[in-house]
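Thank you all for coming; I would like to take you through one structure this morning, beginning with a charged cluster and then widening the view. Please have a look at the sequence and the model before I start.

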Amino acid sequence: MAVVAAGERWPDGTLRPAVEDLWGAGAVLAALEDFDWPGLSPEAALAADAYRLVRERESSHLHACASGLELVAAGWEADVDVAAQVGSSSVVPVLSDRGFVPAP
């Protein structure tokens, strides 16, 4: 299994790492580790630990990071608020030919 903190690209095509992607991957990995997933790699354990440092403070940290500040300045604060929600969905989204739909 692989969990990837994807990041994004700058306009010139170079990689733009994003701390929020590290936290997102870390949230998944921390949950796996909390349920006794065997043997996270050192890199995966670092991502899990990075998430644990912001756990229960996701909103303030997302609003304060570079991408969060950019999004808020562009009028997308509500999107940052949604991105900070953890465990708020009651369904698992599945990608279909119609876009994302709830899992059966």
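Predicted model: local features only at pLDDT ≥ 70, side-chain atom pairs only at ≥ 80, totals over all residues.

**A network of charges**

Let me begin with Asp49 and Arg52, whose side chains meet in a salt bridge with N and O 3.2 Å apart, a salt bridge being a side-chain nitrogen of Lys or Arg within 4 Å of a carboxyl oxygen of Asp or Glu. Residues are numbered from 1 along each chain as its sequence is written, and side-chain values use heavy atoms, with hydrogens and water left out.

Asp49 and Arg52 both belong to helix H2 and are 3 residues apart, about one turn of the helix; helices (H or I, at least four residues) and strands (E, at least two) are taken as DSSP runs and numbered from the N terminus. Asp49 counts as partly exposed, at 43% relative accessibility, where buried means under 20% relative accessible area, exposed means over 50%, and partly exposed lies in between, with a 1.4 Å probe and protein chains only.

Arg52 also forms a salt bridge with Asp34, again at 3.2 Å from N to O. Here Arg52 lies in helix H2 (residues 42–54) and Asp34 in helix H1 (residues 19–34), so the pair ties together parts that are 18 residues apart in sequence. Both partners are partly exposed, Arg52 with a relative accessible area of 25% and Asp34 at 44% relative accessibility.

Asp34 has a further partner in Arg55, the closest N and O atoms of this salt bridge being 3.7 Å apart. That pair links distant parts of the chain, since Arg55 sits in the loop between H2 and H3 and Asp34 in helix H1, 21 residues apart. Arg55 is itself partly exposed, with a relative accessible area of 32%.

Taken together, Glu33, Asp34, Asp49, Arg52 and Arg55 are linked in a network of salt bridges, and a search of the whole structure finds 6 salt bridges.

**A buried glutamate**

Glu58 lies in helix H3 (residues 58–64), and its side chain is joined to that of Tyr51 by a polar contact of 2.6 Å. By polar contact I mean a pair of N or O atoms within 3.5 Å, where within protein one must be able to donate a hydrogen and the other to accept it, and where residues adjacent in sequence count only if both atoms are side-chain atoms. Leaving aside residues up to four places away in sequence, Glu58 touches Tyr51, Ala84 and Val86, contact meaning heavy atoms within 4.5 Å.

Ala64 is also in helix H3, and at 52% relative accessibility it counts as exposed. The C-alpha atoms of Ala64 and Asp21, which are 43 residues apart along the chain, are separated by 14 Å.

Most residues other than glycine have a negative phi. Against that background, Asp36, in the loop between H1 and H2, has a positive phi near 65°, and Glu56, in the loop between H2 and H3, has a positive phi near 70°. Asp36 is exposed at 67% relative accessibility, and Glu56 is exposed at 75%.

As for rings, the charged end of Arg16 sits over the ring of Trp10, 4.5 Å from its centre; the criterion is that NZ of Lys or CZ of Arg be within 6 Å of the ring centre and within 35 degrees of the ring normal.

**The chain as a whole**

Stepping back, the protein chain has 5 helices and 4 strands, which run β-β-α-α-α-α-α-β-β from the N terminus on. Its C-alpha trace spans about 40 × 35 × 30 Å along the principal axes, and of its 104 residues 23% count as buried. Finally, among contacts between residues at least 6 apart in sequence, 31% join residues at least 24 apart.
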